[in-house]
Amino acid sequence: MNEMRSVYFDNNATTPLYPEVLEAMLPYYKEAFGNASSAHRAGRTVKAKISESREIVANALGASPSEIYFTSGGTEANNLAIKGRAWAGRKASGSGIITSTIEHPAVLEVAKYLSKNGYEISKAGVGPDAIVDIDAIGEAINDNTILISVMHANNEVGTIQPVKVIAALGKEKGITIHTDAVQSFCKIPLNVDDLGVDLLSVSGHKINGPKGTGVLYIRKGTKMHPLAHGGHHEGGMRAGTENVAGIVGFTKAVEIGIESMEKNYQYVKTLRDDLEQRILSAIPNTILNGHREKRLPGTVNISFECVEGEALLINLDMMGIAISTGSACSSGSLDPSHVLMAMGIPHETIHGSLRFSIGHGNTKDEVDYVMTHLPRVITMLRDISPLWDSREGRAISLEEAEKGARTI
Ligand code: PLP
C-alpha cells in the first residue's frame with residue numbers, strides 16, 4: 001500500500017518552521033543562554049542580539065527600533081494594544097473603542113472584557129464581501145472614542161481591509177489606531193506610516209517562525225499601560241526575561257519572509273487561483289466567500305451547498321489533506337463562524353464552508369491531489385444529504401425534501 005500523502009493547506013492556522021530559523025535559534029538554547037539583563041559578557045552578548053533583532057524587525061515595518069515590543073505572539077500583542085491603550089486612556093465618562101464584527105477572538109474577547117469593565121464598544125459590520133463598513137466606523141466615532149482596532153487581513157476569508165482609510169478617519173479626531181496584521185505580515189507589503197497606524201500586531205508562527213513569538217509596534221508617543229508588571233524589560237511595557245531564542249527565530253523568519261515576499265506572493269496566488277478555479281468549475285453549487293481581489297494571495301474560502309463541513313474535513317483528513325471549516329469547535333459545540341455570519345451567509349451554508357490556506361511550501365502536485373479527492377468526497381456526502389437531489393444534481397428545499405422528493 002502507498003504511504004499516505006500529507007497535504008497541508010491550513011497555513012492561516014500555522015506554518016512550518018523555516019529550517020534556517022531553527023538553525024538560528026539553537027545557539028540561544030545552548031551556548032548563548034545568558035540573561036539579557038545581566039551585566040557580564042553572557043548577558044551583553046544576548047542583549048546585543050536582541051537589539052540587532054529589534055532593528056531588523058523595525059526596518060521590516062518601517063518603524064524605529066524603540067517602537068518594537070517583543071511579545072509571546074499575536075494574542076498578547078492584541079491584548080497589550082487594546083487593554084494597554086484603553087487603561088491609559090480611561091475617561092471619567094467611559095471611553096469608546098471601535099472595532100469590527102470580523103476580528104479574531106484575540107480582539108473580540110478583549111473588547112468583550114472591556115465592555116464589562118465600563119468601556120463603550122462599537123462594532124462596525126461588514127458587507128457580503130467581508131469589507132468593513134467605513135461609514136459605520138465614521139458614525140460610531142464620538143468625543144469619547146480613544147481607539148479604533150480593525151484587522152489588516154481576515155484569517156478566515158483573507159479579505160484585506162481599508163485600514164489606511166479608517167486610520168485617516170480616526171487620525172482627524174486624534175484617535176489611536178490599531179491593526180491586527182497577523183495574517184498579512186510577510187504576505188503583502190506593510191508599513192506603519194503608509195497605513196497610518198499607531199499600534200500593529202504580528203505573530204511568528206504565521207510566518208514560518210516559532211510559536212509563542214510576536215511583536216507589537218507602538219508608535220512613539222502613544223499613551224499605553226503595560227499588561228505585565230515586573231522588571232524593566234521591553235522599555236517597561238512588557239516585564240519578563242526575554243525569550244531570546246524566540247526573538248532570534250522570529251527575526252530570522254521576518255528577514256526571509258520580507259526578502260521572498262514578492263516571489264512567494266506570485267507563486268502562492270497562482271496555486272490558489274488554480275485550486276479555486278478548478279473547485280468552482282468542477283463542483284456545482286459552490287460559492288466563493290469574501291472579496292475576490294482584495295484578498296491575501298493564499299486564502300480561499302468556499303461554501304459547498306448540502307455538505308456538512310465537519311464530515312468533509314474528516315473525509316479529507318483521511319486522505320491526508322489538512323484544511324479548516326467554517327465552524328469553530330469551541331466548548332464542545334460547533335458554532336458557525338462569526339466572520340461568515342457577519343457577512344450574512346445563512347447558517348446551513350456556513351456549515352458547509354471550507355478554508356484552504358496555501359503557503360509557499362505547497363506545490364501544484366498537491367493541488368492536483370486535492371482535486372482528485374475533493375469532488376468525489378463532495379458527491380459522496382451530497383448523496384446522503386436529504387437536501388440534495390442526486391439524480392438532478394441540485395439542492396432542494398426543505399419543503400421539497402419533506403414532500404418526498406427523495407422517496408426511494
Ligand atoms: N490575529 C489573527 C488575525 C490570527 O489569525 C491569529 C491566529 O490565529 C491571532 C491573532 C493570534 O495569534 P497567536 O496565535 O500568535 O496568538
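This is a predicted model: local features need pLDDT of at least 70, side-chain atom pairs count only at pLDDT 80 or more; totals for chains, interfaces and linings use all residues.
Let's start with helix α9, which covers residues 261-282. Its 22 residues should span 32 Å at 1.5 Å a residue, and the end C-alpha atoms are 31 Å apart, which agrees. Several residues of α9 are buried, among them Val268, Leu271, Leu275 and Ile279. The buried residues of this helix pack against α8, β9, β10, β15 and α13.

Leaving aside residues up to four places away in sequence, Glu276 touches Leu288, Arg292, Arg295 and Val300. Glu276 also belongs to a network of salt bridges that links it with Lys269, Arg272, Asp273 and Arg295.

Across the whole structure, a search finds 21 salt bridges. One of them joins Arg54 and Glu234, whose closest N and O atoms are 2.9 Å apart. Arg54 sits in helix α2 and Glu234 in the loop between β8 and α8, so the pair ties together parts that are 180 residues apart in sequence. Arg54 is buried at 17% relative accessible area, and Glu234 is buried at 7%.

Glu109 and Lys112 form a salt bridge too, with closest N and O atoms 3.8 Å apart. Both lie in helix α4, three residues apart, about one turn of the helix. Here Glu109 is partly exposed at 46%, and Lys112 is partly exposed at 44%.

Finally, Leu17, Leu22, Leu26 and Tyr29 make a nonpolar surface patch of about 360 Å². Leu26 is found in the loop between α1 and α2.

Notes
Residues are numbered from 1 along each chain as its sequence is written. Side-chain values use heavy atoms; hydrogens and water are left out. Helices (H or I, at least four residues) and strands (E, at least two) are DSSP runs, numbered from the N terminus. Contact means heavy atoms within 4.5 Å. The expected span of a helix is 1.5 Å times one less than its number of residues. Buried means under 20% relative accessible area, exposed over 50%, partly exposed in between (1.4 Å probe, protein chains only). Patches are made of residues with over 30% relative accessible area and no salt bridge: like charges are joined within 9 Å, nonpolar side chains (Val, Leu, Ile, Met, Phe, Trp, Tyr) within 5 Å. Accessible areas come from the Shrake-Rupley method with a 1.4 Å probe; for residues, only the protein chains shown count as cover. A salt bridge is a side-chain nitrogen of Lys or Arg within 4 Å of a carboxyl oxygen of Asp or Glu.
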